Amino acid sequence: MSTKVVERKPLTAWERSYVPSILGGLGVTWKHFKRTAPFLGNKPITMEYPEQKWVVPEGYRGAPYLVKDQDGATKCVSCQLCEFVCPPKAIRITPPGAEGQPADRANAEKMPLEFEINMLRCIFCGLCQEVCPEEAIFLQKDYSLTGVSREEMVYDKEKLLKLGGTHAGVQKWKHKLEEAAEQETFPVETAAATEATK
Amino acid sequence: MSATATLPAPAAVPPPPPETVTVKVNGKTVQVPKTMPNWQGKPEPTTMLQAARVAGVEIPHYCYHDKLPVAGNCRMCLVECGTPMMGPDRKPVLNEDGTPKIARSVLPYEPGTPRGVIACATPISPGMEIYADSPATHQMREAVLESLLINHPLDCPICDQAGECKLQEYSVEHGQAESRFVEAKVHKPKAVDLGPRIILDDERCILCTRCIRFTKDIVNDDALGIVNRGSYNTISAFPGKAFDNNYTLNTVDLCPVGALTSKDFRFKMRVWFLKETSSVCTSCGTGCNITVGAREGVIHRFEPRSNDAVNGPWMCDSGRLNYKWIGRADRLREVRIGGRRSNWSTALREISGKLSTAPAGSVAIVASARQTNEELYLLKRLATRLGAITDSIVREGEADGLLVSADRNPNSNGVRLTGMAYTEAGIQLPKIAAGIAAGTIRSLIVFGEDVTAHGLDAGLLAKLDLLVVSDVLPNPTTEAATHLLPGAAPVEKRGTLVNTKGRLQKFNKAVEAPGDARPEVEFLQELVEAVAGPIGTATIEGLFNRMTAEIAGFGGVQWAAVGDTGITLSL
Amino acid sequence: MDFLQNLDPTVQFILFSVVKIGVVFGVTMSFVAYSVLVERKVSAWIQDRVGPNRTAPPMAQFVPILGPFLTRLGIFQPMADGLKFLLKEDFTPSYVRKVYFWIAPAIAVIPAFLTLAVIPFGSTLGNPGNKMVIADLDVGILYTFGIVSLGVYGIVLAGYAANSKYPFLGGIRSSAQMISYEIAMGMSVVSVFLLVGDLNLSKVIEYQAHGGWLVFKQPLAFFIFLVAAFAETNRLPFDLPESESELVGGYHTEYSSMKFALFFLGEYANMIASSAMMVTLFFGGWTLPFIGDPASGLLGGLLHIGIFVAKMCAFMVLFIWVRWMFPRFRYDQLMDLGWRRFIPLALANILVTALVVAFVNR
């Protein structure tokens, strides 16, 4: 490694007496004191948090919750990519296994038996949302999560789905199902073909 | 790849150097043998794919497999190549600098120029040049992948193959980022029950026919075929015939995509979470090499590990699925003295105290041919010190002519080599029974076997002063034990085994043993050292080297020489 | 009052002393509590924050206007702090040296209060003989230095007893720092006594009542004393014994609950004692330029006490304000300042003062 010698300017006698620093420190502290202290006629600029709440902006990365699709079905298919990508390992998914309950919407085959997020571990980085191929998990606007025990802070599937709400998205599986249903008749009549015959 | 380490090397005449052909791969000149072994191991003209491998270039492929007949239907291995140009006078046309002029395939194709060829089925010729990295080759791969993906459902999130899928890998490496296909995809049956252990997803299938060729040519069970035409091609089992031979799960490994998936592994765990450990299957005497997939101490699957000297790339379904007992809830996990929970130090102190004072001939040891060589060696040391009578137990089944061996013990040869049993295992058992009945045998040590099923019934065992039993699962013998020592399953420890053909192989630890259970080598070493004096080594490597030095049958082989695929002993 | 006047002088003395001790102790304790609040509020304002403004007993909300106002001011915060210190788990780690670990907080806090015994915090109250000082010692200042130097033992012992590296380093630093600055401090006041000619602190005030405040006559001595006081009380910019960024918490890292609170108490009591000393030695104690005679009535006595307390408060605010003005000194800078700047300066000051006293003031 190369070293770069930085020239240190020797302090003048005035500087070495600490006086300029003392005056500087006094100036800075007084400036702030003057514009904050209430008895000098200042109004507090601090937001009084629990009483006043700030407006959470769009795109805010709060707590990650699972969402349901337009029909109220679980969107998550237990692909475990979020579990894999999660830097603090806050997510734990129990896959359904071969005998598990199939997905509660046709075609999707799979949904998690259990989906847990340890909100004490979660760092709200949003990688789970970014990696999710099913648009099933979103960082939402909750930022104040409280509980009285560690166990309580591990949110299970039920809780996450309840908090998450609904998000229709691209509806991939529904479209697949419709496409497949159109092919029940032979020759295949696609939407475009039906349009043409009209 | 086919070269197997053999011991000791016979002083044979070195084979004549193989005839070679010179080809160029990506501009690099390589000498390639003229013939190479085909899927059956017979010499056949070397193909471009094999030649590229010799040069260290891997050409992507789906339908081609080393151990299956070449089909050439997926077109993924298309490469651009060139051959020396011949003049009308049948002499090579030369460049100005005197090198042979190469007739190279160019795009767009013109009649008369060589075109992209499938590397898996095209033999090489002298002077051939393979352009595995040229723009034309890349364009061909891209087009083939696009065509394969036209009707692919792209449901990786719910596909068990995701993470080890060649379609995913090649799409990343050679494919396009976006689909240009705007029409409706062809929808085929999903989650078809193909057999008792296999689920087929026809939409994901790329029709490479690896599974068909495997079951027809390797297992001789012509159960699968393709039905329907064009885009509606689907893999199907022969009508009225289930795909249920003992090797069906190999098609899951073979399937380059997620069309064939295992029912056992279905939706159990994503493959990228699995910690893979090289191990050996202990379900029979063949000793197939396996890879254990485990996550956080839970075994999720066994997969065959390629070893041409033992199992090739295959293994049987029964061995593959024989892992569920490892996580059973009734595993022995407590040290017990007289049925009460105790601890290792107390139990080992009591046992060694009693054994040290036992008169010669009053101790019998029943070892198991499921134990590792190191454990057997330690038991042998104990037996020698105590003058004990020893035996092990035979476990026979039916051989299937492929991989399943008639000997269902994984280490019968190890038992013989270490001298825990004579050439015929089991002949000493009646003597032990008689000795116990007569009261001359007062102590019995049993490892991993239920002796009540082999002539030593509970009444006899009750006569003993000391009955040390080590096992992993409860049985009537463990019930009767005065000292019960919980042992470890093969995936929970390290060691070596010798298969029926004398292949010495080692296996590694994949998960931790439950509760107080410990690998047998650990506590046996403590016990043997307390009774018969120090051994002088504390590691499994040291123990192995000590054993091979002492026992002639092992031929002095060192642990380091065993390698991942083992070494063949001359028995 | 007659009943009191008729008592035996000895009994009277003991009675008054006990009352004075009680009052001084109580006042100091609440002073400590509220100087913590002031510190928190002032630092909040300097840092553009609000500071403690929530804590209140349940009934405070029923008092109109005043209740919320006091709550916002944080008036009830010290009560909550005190309660917290009392109720927190008193944890003694397994590896500490138990006896010293328990003794150290007491040793740290006692000297701070003992120093206050000799401070004349007022002239007289009611009776002309009733001096407003607990112990009117003739060797007042020597007593003070003797006691103050004991304070370091608490800290060193705490660092040693914790049997852990950060407290140990904190203890070591603290002992070196206190010993170094005690010399400069002691020498700075020698010149004061050269002028006054007496070691009794009441006499010092008497001198100043008529001869003007000593801060004008001995500015250099005051300056050295002020800086040394910062170092002695482990306040920024000299808080190396407990510098959080390097030593976690310094000597009190392993302490919790009331034992920690005692160190905390000790630090603030030390600040109060130092402020009182500075007021007494350099700012005329209870006097003002136009109030110099001992009070004759009860009201005058209370006024004098008020003056004293007001001056002390000014110094406390200085202590607090300076904390946010400076970064922490490096250890070598600290030692350099103490040994190579202040001690020679103090010596020179003594010499000059002595010469002036010898030849000019004769």
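**Chain contacts, secondary structure and salt bridges**

Between them, chain B and chain A bury about 2100 Å², with 56% of this area on carbon and sulfur atoms. The model is a predicted one. The contact between these chains involves 24 residues of chain B and 27 residues of chain A. Three salt bridges are counted between chain B and chain A. In one salt bridge, Arg92(A) is joined to Glu296(B), and the closest N and O atoms are 2.8 Å apart.

Chain A also meets chain C, in a contact that takes 19 residues from chain A and 15 residues from chain C. About 1500 Å² is buried between chain A and chain C, and carbon and sulfur atoms give 65% of that area. On the side of chain A, Tyr18(A), Thr29(A) and Phe33(A) supply 32% of the area buried against chain C, more than any other three residues. Four salt bridges are found across the interface of chain A and chain C. Glu48(A) forms a salt bridge with Arg72(C), where the closest N and O atoms lie 3.4 Å apart.

Two pairs of chains are in contact, and chains A and B share the most contacts. Chain B and chain C are not joined by any contact; their closest C-alpha atoms are 29 Å apart.

Within chain A, helix 5 spans residues 157–164, and its buried residues are Lys157(A), Leu160(A), Leu161(A) and Gly164(A). Viewed down the axis of helix 5 of chain A, the buried residues fall within an arc of 95°, so they line one face of the helix. Glu158(A) and Lys162(A) are exposed, on the face of helix 5 of chain A that is turned away from the buried side. The cover over the buried residues of helix 5 of chain A includes strand 1 (64–66), strand 3 (114–118) and strand 5 (154–155) of chain A.

In chain B, three strands make up an open sheet with antiparallel pairing, in the order 24-25-26. Strand 24 (495–498) and strand 26 (567–568) of chain B are at the edges; each has a single partner strand, so one side of each is left without a neighbour in the sheet. Two bridges link strand 25 (residues 503–507) of chain B to strand 26 of chain B in the antiparallel sense. Arg503(B) has Thr568(B), in strand 26 of chain B, as its bridge partner. Helix 8 (residues 373–386) of chain B packs on this sheet and touches strand 24 and strand 25 of chain B. The direction of helix 8 of chain B makes about 90° with that of strand 24 of chain B.

Side chains of opposite charge can pair when their charged atoms come close. Over all chains, the whole structure holds 54 salt bridges. One of the salt bridges in chain B pairs Asp308(B) with Lys67(B), the closest N and O atoms being 3.4 Å apart. Asp308(B) is located in the loop between strand 16 (298–304) and helix 6 (317–320) of chain B, and Lys67(B) in the loop between helix 1 (48–54) and strand 5 (78–84) of chain B, so the pair ties together parts that are 241 residues apart in sequence. Asp308(B) is partly exposed, at a relative accessible area of 30%. Lys67(B) is likewise partly exposed, at 23%.

A salt bridge also forms between Arg204(B) and Asp201(B), with 3.5 Å between the closest N and O atoms. Arg204(B) and Asp201(B) are both buried. Arg518(B) and Glu522(B) form another salt bridge, in which the closest N and O atoms are 3.3 Å apart. Arg518(B) counts as buried, with 17% relative accessibility, whereas Glu522(B) is partly exposed, with a relative accessible area of 39%. Elsewhere in chain B, salt bridges with shared partners join Asp155(B), Lys190(B), Asp201(B), Glu203(B) and Arg204(B) into one network.

Notes:
Residues numbered from 1 in each chain as written. Chains lettered and ligands numbered in written order. Predicted model: local features only at pLDDT ≥ 70, side-chain atom pairs only at ≥ 80, totals over all residues. Heavy atoms only, no water. Pairing = 2+ DSSP bridges. Helix = DSSP H or I, 4+ residues; strand = E, 2+ residues; numbered from the N terminus. Contact = heavy atoms within 4.5 Å. Axes fitted to C-alpha atoms, helices over the stretch in contact; angles between N-to-C directions. Buried < 20%, exposed > 50% of the residue type's maximum accessible area, 1.4 Å probe, protein only. Arc of directions from axis to C-beta. Buried area = accessible area lost by both parts, 1.4 Å probe. Salt bridge = Lys/Arg side-chain N within 4 Å of Asp/Glu carboxyl O.
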